[in-house]
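I set down what I looked up, one topic at a time.

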Amino acid sequence: MKKKKMGAAEFTFQCILYVLFGIFTLSCIYPFYYLFINTISSNDLSSAGYVTFIQRKFISLII
Amino acid sequence: MELPSGELDRNTFVRREPDRKIANKYKLFFMAFPFLIITFIFYYLPISGWIYAFYDFIPGIPLSDTPYVGFKWFRTIVANPTQTGEVLRVLRNTLVMSSLGLITSIFPLIFAILLTEIKTGWYRKFVQTMTTIPNFISWILVNALAFSLFSVDSGVVNMILIQLGITDEGINFLASSSHVWLTMILWYWWKSLGWGAILYLAGISGIDQELYEAAEVDGASRFRKIWHITVPGLMPTFFVLLLLAIGNFVNNGMEQYFAFQNAMNKDSIEVLDLYVYNIAFANNFPFATAVSMLKSIVSVILLFGANTLSKKVRGESII
């Protein structure tokens, strides 16, 4: 079966779907990701709220 | 199993049927038996606790030493205007939360239908897997996540809002008395949307593909295919779930509201189950029992009502 060419309406519809599902999926993953990066970041940074999107400065395990 | 065909086979099948039927009956009964025991222990035995509603029971003093007071605790629900107001407030919260839940119970259906429209296989699977994850953590943990994201002084959302200059001080999302119902229903769907969609996704994949092919030949648009094939195919599932939801109309669980309750939002978050819990552990066992008894009765009436309605309207019912 040959592939049909996407019309403009079809393309927009697919784009909207991808974006909507992407946002909801991100909102489902992000909290867990956030907890994880905070867990492995240094305590000072995470308690001051500097760790939001990327992990910074591994927590020192030597006390 | 191969179906019996031909004269001879069918005769042997019929002749052997009676014994097998009886044997099957016992087999099925013994298979179901453990569940009957579980149901009895966890759903029928606890009903004996209703006896506390008729005594001036105080934890620690044996029931035999406490005075029998008849329907005193049932009367207190309506005797005192403040008390009646409390119960009505709690009932209002319960009804609002349940109605919102019923109205939005179409969300998983929409989610499933739209998800199957996505053509990229890996993306679809990724979305489905990731949205199912929140269902597996408890409400207490959801509240912990909510706290780490939305708290005033260290929550990510407030940090970002302050850095963008939208607000000067953090907004206290969790301890606010406005939009409590809305945020509660949003949290609920955040947790259970992906999970709820699984049933419908299974339902969609069970629909005969020939129907879609036939519709395609007839020139049906995407919307037409969804509306005339997918939706009718999913309706039986939807209605069974709706019936069960109506049966659970007044017991919308307490974990979520218990985890999210605080002094600020208590007025609009306290549903019946949570109210019963709070009252009981504020040391008024008999009153809490009386309220929960009334709840059970209303629940049974609602379930049978919904069942009769469904029998009349759709010709099928669950009881």
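Predicted model: local features only at pLDDT ≥ 70, side-chain atom pairs only at ≥ 80, totals over all residues.

Entry 1. I then looked up the largest nonpolar core, and it has 40 residues. A:Phe21 is listed among those with the most contacts inside this core, together with B:Phe111, B:Met184, B:Trp187 and B:Phe260. I next noted which helices supply at least two residues each: α1 (8–39) of chain A, and from chain B α4 (107–117), α5 (121–132), α6 (139–150), α8 (180–205), α10 (222–247) and α11 (255–260). The helix that gives the most to this core is α8(B), with 11 residues. Apart from this core I recorded another, of 20 residues, including B:Phe74, B:Leu272, B:Tyr275 and B:Ala290. I keep a general remark beside this entry: in soluble globular proteins, nonpolar side chains tend to be buried together.

Entry 2. I turned to chain A by itself. Its secondary structure comes to 2 helices and 0 strands. Chain A has 63 residues, and buried residues make up 27% of them. I also checked the contacts in chain A between residues at least 6 apart in sequence; 0% of these join residues at least 24 apart.

Entry 3. How many residues of chain B are in contact with chain A? I read off 27, and they meet 23 residues of chain A. The two chains bury about 2,200 Å² between them, and 75% of this area is on carbon and sulfur atoms. I found 1 salt bridge between chain B and chain A. It pairs the side chains of B:Arg222 and A:Glu10, at 2.2 Å from N to O. The rule for polar contacts finds 6 residue pairs across the interface. On the side of chain B that touches chain A, the elements giving two or more residues are α4, α5, α6, α7 and α8 of chain B. Of these I marked α5(B), which gives the most, with 5 residues. I sorted the residues of that side of chain B as 19 nonpolar, 4 polar and 4 charged.

Entry 4. I examined helix α7 of chain B, residues 156–163, and found B:Val156, B:Asn158, B:Met159 and B:Leu161 buried. What covers the buried residues of α7(B)? The cover includes α1 of chain A together with α6 of chain B. Just after α7(B), I noted that B:Gly165 takes a positive phi of about 80°.

Entry 5. I looked up B:Ser98, which lies in helix α3 (residues 81–103) of chain B. Is B:Ser98 buried or exposed? B:Ser98 has a relative accessible area of 7%, so it counts as buried, the cut-off being under 20%. Beyond its neighbours within four places in sequence, B:Ser98 is in contact with B:Phe249 and B:Asn252.

Entry 6. I counted salt bridges over all chains, and the structure holds 8. One of them joins B:Asp56 to B:Lys72, with the closest N and O atoms 3.2 Å apart. B:Asp56 lies in the loop between α1 (7–44) and α2 (72–79) of chain B and B:Lys72 in helix α2, so the pair ties together parts 16 residues apart in sequence. B:Asp56 is partly exposed at 22% relative accessibility, and B:Lys72 is partly exposed at 30%.

Entry 7. I took B:Lys225 and B:Glu216 next; their closest N and O atoms are 2.6 Å apart in a salt bridge. B:Lys225 counts as buried at 18% relative accessibility, whereas B:Glu216 counts as partly exposed at 38%.

Entry 8. In the salt bridge of B:Asp273 with B:Lys295, the closest N and O atoms are 2.5 Å apart. I placed B:Asp273 in helix α13 (residues 272–281) and B:Lys295 in helix α14 (residues 285–314) of chain B, so that distant parts of the chain, 22 residues apart, are linked. B:Asp273 and B:Lys295 are both buried. Last, I recorded a network of salt bridges that links B:Glu86, B:Arg89, B:Asp267 and B:Glu270.

Terms used
Residues numbered from 1 in each chain as written. Chains lettered and ligands numbered in written order. Heavy atoms only, no water. Core = buried A, V, L, I, M, F, W, Y, C linked by side-chain atoms within 4.5 Å. Buried < 20%, exposed > 50% of the residue type's maximum accessible area, 1.4 Å probe, protein only. Helix = DSSP H or I, 4+ residues; strand = E, 2+ residues; numbered from the N terminus. Contact = heavy atoms within 4.5 Å. Buried area = accessible area lost by both parts, 1.4 Å probe. Salt bridge = Lys/Arg side-chain N within 4 Å of Asp/Glu carboxyl O. Polar contact = N/O pair within 3.5 Å; in protein donor to acceptor, adjacent residues only side chain to side chain. Nonpolar A, V, L, I, M, F, W, Y, C, P; charged D, E, K, R; others polar.
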